[in-house]
Amino acid sequence: ALVLSELLAQGLLVEEHLDTEPGDGPSMDTALLLALDELRARGTRVCFVARIAMPTSSALAAAYGAARETLGPERLLWHGTSWECVPNIVRHGFNRAYAFNARHGSKLGRGVYFAEDPGYALRFAGKTQRTRAMLLAGVLPGKHTRGKEGLLEPPDSSGGFRFDSTCNDVKRPRVFCVFKDFQALPLYLVQVAMSSLHFSGA
């Protein structure tokens, strides 16, 4: 895929080898391996995996690291997007200004959405494209509450503080909407093809 070739050439992606297991030299994070297994269990073919080589000195990485103490624990969640959006996310992180559009709606608010279930995230990953782009991200939901249509920011609580994010279900949250760009950090880019498709490049 042209997008992948360009990002690899620019040093923004570092390819991970799918046949590498933990303990066999350089390997994928265990959490990533488990996430990929979940993808495959959904009938999804994993074609390519790369670590996003965002410098630790970048403003986003620094802000995310600083927020982790107050908004943690970190969750590893999926974000599906079109290939056209991938270069901007890899270079600059997630931006809520680009996230909301009328096609995808704003059921939990006008922020950036992340899901535990890769199948849910795939719904937003360019259905007409031959392969799809999935991002595994570190997300800091902090204190969360049930979202509502069209929220511009998380609501205030009855205790007087403002929530940090919204979710689909407070007792068993599986989808989160964050409203600050520093609440999410893209970690891995995954190229997938559905089992009904014949992969030949994005």
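Predicted model: local features only at pLDDT ≥ 70, side-chain atom pairs only at ≥ 80, totals over all residues.
Leaving aside neighbours within four places in sequence, Leu-189 is in contact with Leu-4, Leu-13, Phe-48, Val-49, Ala-50, Ile-52, Trp-83, Val-86, Ala-133, Met-134 and Leu-135.

**The nonpolar cores**

Leu-189 belongs to the largest nonpolar core, which has 30 residues. Within that core, Leu-13, Val-86, Phe-94, Phe-114, Val-139 and Leu-189 touch the most other members. A second core is separate and holds 15 residues. Its members include Leu-32, Leu-122, Met-134 and Val-190.

**The chain as a whole**

The protein chain has six helices and nine strands. It runs to 202 residues, and 45% of them count as buried. Take the contacts between residues at least 6 apart in sequence: 74% of these join residues at least 24 apart.

**Leu-108, a buried loop residue**

Where is Leu-108 found? Leu-108 lies in the loop between α5 (96-99) and β4 (112-115). Its relative accessible area is 7%, so Leu-108 is buried. Beyond the residues up to four places away in sequence, Leu-108 touches Tyr-113, Gly-147, Lys-148, Leu-151, Thr-166, Cys-167, Asn-168, Val-175, Cys-177 and Phe-179. One more pair gives a distance across the fold. Leu-108 and Thr-145 are 37 residues apart in sequence, and their C-alpha atoms are 9.7 Å apart in space.

**Cysteines**

Two of the residues that Leu-108 touches are Cys-167 and Cys-177. Cys-167 is buried, with a relative accessible area of 0%. Cys-177 also counts as buried, at 0% relative accessibility. A disulfide is a covalent bond between the sulfur atoms of two cysteines. How many disulfides does the structure hold? The structure holds zero.

**Charged pairs**

Side chains of opposite charge can pair when their charged atoms come close. The structure holds eight salt bridges.

| Salt bridge | Distance, N to O |
|---|---|
| Arg-40 and Asp-37 | 3.3 Å |
| Arg-162 and Glu-153 | 3.4 Å |
| Asp-156 and Arg-162 | 3.5 Å |

Take the pair Arg-40 and Asp-37 first. Both residues sit in helix α2 (residues 30-41). They are three residues apart there, so about one helical turn separates them. Arg-40 is partly exposed, with a relative accessible area of 37%. Asp-37 is partly exposed too, at 45%.

Arg-162 has a salt bridge with Glu-153 and another with Asp-156. Arg-162 is partly exposed, with a relative accessible area of 37%. Glu-153 counts as partly exposed at 42% relative accessibility.

Salt bridges also form a network elsewhere. Arg-75, Glu-116, Arg-172 and Arg-174 are linked in it.

**A charged residue without a partner**

Arg-132 is found in strand β5 (residues 132-139). Is Arg-132 buried or exposed? Arg-132 is buried, yet has no salt bridge. Which side chain of opposite charge is nearest to Arg-132? That is Glu-84, and it is 12 Å away. A salt bridge needs a nitrogen-to-oxygen distance within 4 Å. What does Arg-132 contact instead? Leaving aside neighbours within four places in sequence, Arg-132 is in contact with Trp-83, Leu-122, Ala-125, Gly-126, Lys-127, Val-190, Gln-191, Val-192 and Met-194. Among these contacts, Leu-122 and Val-190 are also members of the second core. Trp-83 is in contact with Arg-132 and with Leu-189.

**Aromatic pairs**

A search of the whole structure finds three aromatic pairs. One of them joins Phe-161 and Phe-163. Their ring centres are 5.3 Å apart. Their planes stand at 65°, so the pair is edge-to-face. Phe-161 counts as partly exposed at 34% relative accessibility, whereas Phe-163 is buried, with a relative accessible area of 17%.

Note on methods: Residues numbered from 1 in each chain as written. Heavy atoms only, no water. Helix = DSSP H or I, 4+ residues; strand = E, 2+ residues; numbered from the N terminus. Buried < 20%, exposed > 50% of the residue type's maximum accessible area, 1.4 Å probe, protein only. Lys, Arg positive; Asp, Glu negative; His and termini not counted. Contact = heavy atoms within 4.5 Å. Disulfide = S-S within 2.5 Å. Core = buried A, V, L, I, M, F, W, Y, C linked by side-chain atoms within 4.5 Å. Phe/Tyr/Trp six-rings, centres within 6.5 Å; stacked < 30°, edge-to-face > 60°.
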